[in-house]
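Open the model in your viewer and keep the selection tool at hand. The stops below say what to select next and what is there.

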Amino acid sequence: MTDDFATRSLRFETSDGLSLEAELIVPENARAAVVLCHPHPQQGGNMTSLVTSELFRSLPASGLAVLRFNFRGVGTSEGEHDFGVGEALDVIAALDTMTSECPALPIFLSGWSFGADTSLSVLDPRITAWLACAPPLRVLPLDDLTAAAGSDPRPKMLIIPEHDQFRDPASAIEATVSWLNTEIVAVAGADHFFVGRTHKVAALIVSTIDAQLAL
């Protein structure tokens, strides 16, 4: 259980035949769905990492279904780390799963760090908006991200820690100056790991989803 919401363990398959482990919460009367992408597997990242876990724990209380999963090669997910390239297939498979589980709900794609960059590389018609937490904007070539989410007219919110060790707010603004429909929000006092400020990340994500659903 996560804050009185039932967590269901499941597995899903990617288009290149890998079985990935995942967890899903669907609160009663869910109004939207969020797919969560975790930080860098080669630096210990997995679906239970700090920000991913906080969002998975807290978002259902706001009526949001949440799916978190382990990228290929992490935990019991099959395959090997693919530097953000094969992981894009993992994200699409997660979107497939959320669509199957919650077919009537708009889907928001959110990731932290490596997961943020990977999510920004994915173009899929089911994505309502991208909600990227501390994207380094360098896991994949910046030009690739610009050509993907950056050139898409759908909304993007980049939540950037004030003291991020990899991409601070000023640098993020400069890197995404050509991006369409992109909002950059700085989190005061935070570094890349948002320690003590994960609740602020969750609040930003909920308020952004609320605004999109109100349109």
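Select Arg72 and Asp90: the two form a salt bridge, with their closest N and O atoms 2.8 Å apart. A salt bridge here is a side-chain nitrogen of Lys or Arg within 4 Å of a carboxyl oxygen of Asp or Glu. Arg72 sits in the loop between S4 and H2 and Asp90 in helix H2, so this pair links distant parts of the chain, 18 residues apart. Helices (H or I, at least four residues) and strands (E, at least two) are DSSP runs, numbered from the N terminus. Both Arg72 and Asp90 are buried. Buried means under 20% relative accessible area, exposed means over 50%, and partly exposed is in between (1.4 Å probe, protein chains only).

The model is predicted: local features need pLDDT of at least 70, side-chain atom pairs count only at pLDDT 80 or more, and totals for chains, interfaces and linings use all residues. Residues are numbered from 1 along each chain as its sequence is written, and side-chain values use heavy atoms, with hydrogens and water left out.

**Other salt bridges**

How many salt bridges does the structure hold? There are 9. Side chains of opposite charge can pair when their charged atoms come close.

Select Arg8 and Glu101, whose side chains meet in a salt bridge at 2.5 Å, N to O. Arg8 belongs to strand S1 (residues 8–13) and Glu101 to helix H2 (residues 86–101); the pair links distant parts of the chain, 93 residues apart. Arg8 is partly exposed at 40% relative accessible area, and Glu101 is partly exposed at 34%.

Next, select Glu23 and Arg68. The closest N and O atoms of this salt bridge are 2.7 Å apart. Glu23 lies in strand S2 (residues 19–25) and Arg68 in strand S4 (residues 64–69), so the pair ties together parts that are 45 residues apart in sequence. Are these two residues buried or exposed? Glu23 counts as buried at 17% relative accessibility, and Arg68 is buried at 10%.

**Aromatic pairs**

A search of the whole structure finds 4 aromatic pairs. Rings of Phe, Tyr and Trp (its six-membered ring) pair if their centres lie within 6.5 Å; planes under 30 degrees apart count as stacked, over 60 as edge-to-face and the rest as tilted.

Select Phe71 and Phe114. Their ring centres are 5.4 Å apart and their planes stand at 85°, so the pair is edge-to-face. Phe71 is in the loop between S4 and H2, while Phe114 is in helix H3 (residues 114–120), 43 residues apart. Phe71 is buried at 0% relative accessibility, as is Phe114 at 1%.

Move to Trp112 and Phe193, an edge-to-face aromatic pair with 6.3 Å centre to centre and 90° between the planes. Trp112 lies in strand S5 and Phe193 in the loop between strand S8 (182–187) and H6, so the pair ties together parts that are 81 residues apart in sequence. Trp112 is buried at 5% relative accessible area, whereas Phe193 is partly exposed at 39%.

Now select Phe12, Phe69, Phe71 and Phe114 together; these form one aromatic cluster.

**Helix H1**

Select helix H1, residues 50–58. Its residues Val51, Thr52, Glu54, Leu55, Phe56 and Ser58 are buried. The buried residues of H1 pack against S2, strand S3 (32–37), S4, strand S5 (107–112) and helix H6 (198–213).

Thr146 is in helix H4 (residues 142–147) and is buried, with a relative accessible area of 18%. Which residues does Thr146 touch, not counting residues up to four places away in sequence? They are Ser151, Ser178 and Trp179, where contact means heavy atoms within 4.5 Å.

Ala104 is in the loop between H2 and S5 and counts as exposed at 72% relative accessibility. Select Pro161 as well: the C-alpha atoms of Ala104 and Pro161 are separated by 33 Å, and the two residues are 57 apart along the chain.
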